[in-house]
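Here is a short report on the pockets of one protein model and on one of its residues. Keep the structure in view as you read.

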Amino acid sequence: MAGAAGDRVSHVRRRRRPTRSGTLLSAELIVDCALRLIGEHGPEALSVRRLGAALGCDPSAVYRYFHNTDDLLLAVADRIIGDSMDGFVPGPDWVASLREMALRVRDSYRAHPRAAVLASYRVTRRENEFRAVETGVGILVRAGFEPARALRLYLAFIDTVLGHAALDAAALALSPAQREGDSQASTRAYQSVSAETYPLLAAIREDLYALAESSFEPALELMLSALAAQAPARPGA
């Protein structure tokens, strides 16, 4: 039954239908709309009814392209991955290539902060995710790691990247008042702690502004240094 349903959805997906406004409905258009709605209202507010209203179509039309809203959310997550990989071509320097890949992920998350968390922990099992894993593992294989080892190291690398990128995106998704409150914590709350109770915090009082900064790039450089230290020696090196 599951296979038959999947075949039906795949078949219908190929038949693009116009909405009431005359726009040709497609999976890509639905994902675009879902991303916009999530950006405006958050992922918890996404519904087939709201999508139908925004697209100018019967809500049931969404089911011609996606099994359910979770299937659609996975497609949204895969779109964010695809945005990060668009135009990415690894170069001869494998460390620099991984760095660029990581920064691309962060930029995509920042572009869609309220949807980014979806891409950080779900397995989309779609083409963009496949391409990203293939590319990342391939970079490490070309660095000299055995394929199975390269996979494990890539997973450690990308989980670190995704986690820190999601933190940056979550901060951007906060309201302005919340962001301001968190930012001021380093200059007010933390800097006013008792030196007797928190002697180390008091000693580094002038550096506590770092609490309001992203740790993405320092964490990335630590991970890249660790990977480089484990890289097999090149012949003649």
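Predicted model: local features only at pLDDT ≥ 70, side-chain atom pairs only at ≥ 80, totals over all residues.

Rolling a probe the size of a water molecule over the atoms shows where empty space is left.

| Pocket | Volume | Lining residues |
|---|---|---|
| Largest pocket | About 480 Å³ | 17 residues |
| Second largest pocket | About 360 Å³ | 21 residues |

Start with the largest pocket. Nearest its centre lie Ala171, Leu211, Ala212, Glu213 and Ser214. Helix 8 (147-173) and helix 9 (176-185) are the elements that give two or more residues to this lining. Helix 8 supplies the largest share, five residues. By class, the lining of the largest pocket holds eight nonpolar, four polar and five charged residues.

Now the second largest pocket. Ile81, Glu129, Tyr154, Ile158 and Leu162 lie nearest its centre. Five elements are named here as giving two or more residues to the lining: helix 4, helix 5 (94-111), helix 6 (113-121), helix 7 (127-142) and helix 8. Helix 8 gives the most, with five residues. This lining has 15 nonpolar, three polar and three charged residues.

Is Ser84 buried or exposed? Its relative accessible area is 6%, so Ser84 is buried, as the cut-off for buried is under 20%. Which residues does Ser84 contact, leaving aside its neighbours within four places in sequence? They are Arg104, Val105 and Ser108.

Terms used. Residues numbered from 1 in each chain as written. Heavy atoms only, no water. Buried < 20%, exposed > 50% of the residue type's maximum accessible area, 1.4 Å probe, protein only. Contact = heavy atoms within 4.5 Å. 1 Å grid on protein atoms, 1.4 Å probe; cavity = no way out; pocket = protein on both sides within 12 Å on 5 of 7 lines; lining within 4 Å. Points joined across faces, edges and corners; volume = space filled by probe spheres on them. Helix = DSSP H or I, 4+ residues; strand = E, 2+ residues; numbered from the N terminus. Nonpolar A, V, L, I, M, F, W, Y, C, P; charged D, E, K, R; others polar.
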